[in-house]
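Please walk through this model with an eye on its side-chain contacts. The sequence and structure come first, and the reading follows.

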Amino acid sequence: SALLRFRKNDRYTSIAIYAFIVLALIMLAVVVCINLPYFFGILRNFFTVMRPLLIGLAIAYICNPLLRRIERAFSRRLGRRYAKLCRILSLFVTYLTLLLIIALILLMIIPQIANNYQDFYKNINMYISLLVERIDAWLAESSLFGGGHSLSELLSSKQFSEALQSFMNSVTSALGAFSVQFLAMVGNVLLGVFLSFYVLLFKEY
């Protein structure tokens with residue numbers, strides 16, 4: 001009877017523990033929902049700090065199959081006792097291959113971009129004329145600037161000068177922010193490549 005009582009108490013204890021865990025999870029969910037911006041800020045900062053490591057792990061994962069093939073080829077020629085040398089040589093060949101692939105992709109993309117730019121530059125006068133005609137037609141019908149204006153009149157107006165100045169300030173700020181983000185991205189990628197090199201260098205042979 002004492003054993004049955006102990007088992008019954010043990011069951012109630014398990015139920016109490018599960019109820020406490022469920023209640024704690026509900027309270028945690030409520031706290032998270034109330035402070036969503038704060039927790040999102042923490043997650044954003046965490047992923048910002050961890051971004052180079054995540055990039056490095058992704059690069060290491062992509063390069064690993066090629067590295068293993070090249071390393072086996074070196075091992076057959078040099079032997080297992082030169083495993084460290086085989087790993088280093090394989091890493092250099094792997095990253096050189098990756099750089100060549102990226103260079104080939106850029107060589108295929110850049111000429112197309114250059115051709116499109118040349119076509120646009122040749123026809124720029126026609127594009128400008130069409131744009132001016134469209135804008136004149138829109139200004140003649142629009143009540144935004146009083147109606148009945150042409151583009152040349154609008155360009156000389158004070159209202160347009162103020163709007164243009166505001167727009168240029170916004171563009172300058174956006175370009176500055178983009179430059180900072182771009183440099184940060186380049187830095188993260190370079191650091192990720194460096195980390196991926198060490199991940200692959202010291203992984204299990």
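**Cysteines, contacts and core**

The count of disulfides here is zero. The rule asks for a pair of cysteine sulfur atoms within 2.5 Å. A disulfide is a covalent bond between the sulfur atoms of two cysteines. This is a predicted model: local features need pLDDT of at least 70, side-chain atom pairs count only at pLDDT 80 or more, and totals for chains, interfaces and linings use all residues. Residues are numbered from 1 along each chain as its sequence is written, and side-chain values use heavy atoms, with hydrogens and water left out.

Cys 63 is buried, at 4% relative accessible area. Cys 86 is buried too, at 0%. Buried means under 20% relative accessible area, exposed means over 50%, and partly exposed lies in between (1.4 Å probe, protein chains only).

Cys 63 belongs to the largest nonpolar core. That core has eight residues: Ile 59, Ala 60, Cys 63, Leu 67, Leu 91, Tyr 95, Leu 200 and Leu 201. The elements that give two or more residues to this core are α2, α3 and α6. Helix α2 gives the most, with four residues. A nonpolar core is a set of buried Ala, Val, Leu, Ile, Met, Phe, Trp, Tyr and Cys residues joined through side-chain atoms within 4.5 Å. Helices (H or I, at least four residues) and strands (E, at least two) are DSSP runs, numbered from the N terminus.

Now turn to charge. The whole structure holds one salt bridge. Glu 71 and Arg 87 form it through their side chains, at 3.0 Å from N to O. Glu 71 sits in helix α2 (residues 36–78) and Arg 87 in helix α3 (residues 83–122), so the pair ties together parts that are 16 residues apart in sequence. Glu 71 is buried, at 10% relative accessible area. Arg 87 is buried as well, at 1%. The criterion for a salt bridge is a side-chain nitrogen of Lys or Arg within 4 Å of a carboxyl oxygen of Asp or Glu.

Next, the aromatic rings. How many aromatic pairs does a search of the whole structure find? It finds seven. Phe 178 and Phe 182 form one that is stacked, with 6.2 Å centre to centre and 25° between the planes. Both lie in helix α6 (residues 158–201), four residues apart, about one turn of the helix. Phe 178 is exposed, at 51% relative accessible area. Phe 182 is partly exposed, at 41%. Tyr 198 and Phe 202 form another stacked pair, at 5.8 Å and 20°. Tyr 198 is partly exposed, at 37%, and Phe 202 is exposed, at 55%. Rings of Phe, Tyr and Trp (its six-membered ring) pair if their centres lie within 6.5 Å; planes under 30 degrees apart count as stacked, over 60 as edge-to-face and the rest as tilted.

Leu 36, Phe 40, Leu 43, Phe 46, Phe 47, Leu 53, Leu 54, Leu 57 and Val 199 make a nonpolar patch of about 780 Å². Helix α2 supplies the largest share, eight residues. Leu 53 is found in that helix and is partly exposed, at 34% relative accessible area.

Definitions and conventions: Patches are made of residues with over 30% relative accessible area and no salt bridge: like charges are joined within 9 Å, nonpolar side chains (Val, Leu, Ile, Met, Phe, Trp, Tyr) within 5 Å. Accessible areas come from the Shrake-Rupley method with a 1.4 Å probe; for residues, only the protein chains shown count as cover.
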